[in-house]
Amino acid sequence: MFSDMERAISEIRCYTHCMKESSNFFRKNDYMGAAIYLENAARSLKVLDELKKEGKNGQVRLVGYVLNGRNGMDSGL
């Protein structure tokens, strides 16, 4: 449950993109590049946590929404 589903989906996409890019930089031994993407992924997780907390306060409920495999996400929220 998120208070703002559109923003949550955007943050999930950002998170998965950043994790993929971080892995790519890591494989190239570019640790600073990998770290920058990991920091962005962590930021997205923090935003998702805040949206989840707001959603628990009763603003909006999510029931049965699934991200049909987009950006590596093939599980439901």
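What follows is a conversation about how labels are given to parts of this predicted model.

Colleague: What makes glycine 55 count as buried?
Modeller: Buried means under 20% relative accessible area. Glycine 55 has 2%, so the label is buried. Glycine 55 lies in helix α2. In space, glycine 55 and serine 3 are 4.1 Å apart, C-alpha to C-alpha, yet they are 52 residues apart in sequence.

Colleague: Which residues of α2 are buried, and what do they pack against?
Modeller: Gly33, Ala34, Ala41, Ser44, Val47, Leu48, Leu51 and Gly55 are buried. These buried residues pack against α1.

Colleague: What is asparagine 29 called, buried or exposed?
Modeller: Exposed needs over 50%. Asparagine 29 has 53% relative accessibility, so it counts as exposed. Its place is in the loop between α1 (5-27) and α2 (31-56).

Colleague: What stands out about the phi of asparagine 29?
Modeller: The phi is positive, about 60°, although asparagine 29 is not a glycine. Most residues other than glycine have a negative phi.

Colleague: How many aromatic pairs are there?
Modeller: The count comes to two aromatic pairs. One of them is phenylalanine 25 with tyrosine 37.

Colleague: Why is the pair of phenylalanine 25 and tyrosine 37 called stacked?
Modeller: Ring centres must lie within 6.5 Å, and planes under 30 degrees apart count as stacked. Here the centres are 5.4 Å apart and the planes are at 25°, so the pair is stacked. The pair links distant parts of the chain: phenylalanine 25 is in helix α1 and tyrosine 37 is in helix α2, twelve residues apart.

Colleague: What makes lysine 28 lie over the face of phenylalanine 25?
Modeller: The charge must be within 6 Å of the ring centre and within 35 degrees of the ring normal. Lysine 28 lies over the face, at 5.9 Å from the ring centre.

Colleague: Which residues form the largest nonpolar core?
Modeller: The core has eight residues: Phe2, Met5, Ala8, Ile9, Ile12, Val47, Leu48 and Leu51. α1 gives the most, with four residues. Leucine 48 touches Phe2, Ala8, Glu11 and Ile12, leaving out residues up to four places away in sequence.

Colleague: What makes arginine 43 and glutamate 11 a salt bridge?
Modeller: The nitrogen must be within 4 Å of a carboxyl oxygen. The closest N and O atoms of arginine 43 and glutamate 11 are 3.3 Å apart, and the two form a salt bridge. Arginine 43 is in helix α2 and glutamate 11 in helix α1, 32 residues apart.

Colleague: Which residues are linked in a network of salt bridges?
Modeller: The network links Asp49, Glu50, Lys52 and Lys53. Lysine 53 bridges to aspartate 49 at 3.2 Å between the closest N and O atoms. Lysine 53 also meets glutamate 50, at 3.9 Å, N to O.

Colleague: Why are lysine 53 and aspartate 49 separated by about one helical turn?
Modeller: They are four residues apart in helix α2, so about one helical turn separates them. An α-helix has 3.6 residues a turn, so residues three or four places apart point the same way.

Technical notes. Residues are numbered from 1 along each chain as its sequence is written. This is a predicted model: local features need pLDDT of at least 70, side-chain atom pairs count only at pLDDT 80 or more; totals for chains, interfaces and linings use all residues. Side-chain values use heavy atoms; hydrogens and water are left out. Helices (H or I, at least four residues) and strands (E, at least two) are DSSP runs, numbered from the N terminus. Buried means under 20% relative accessible area, exposed over 50%, partly exposed in between (1.4 Å probe, protein chains only). Contact means heavy atoms within 4.5 Å. Rings of Phe, Tyr and Trp (its six-membered ring) pair if their centres lie within 6.5 Å; planes under 30 degrees apart count as stacked, over 60 as edge-to-face and the rest as tilted. A nonpolar core is a set of buried Ala, Val, Leu, Ile, Met, Phe, Trp, Tyr and Cys residues joined through side-chain atoms within 4.5 Å. A salt bridge is a side-chain nitrogen of Lys or Arg within 4 Å of a carboxyl oxygen of Asp or Glu.
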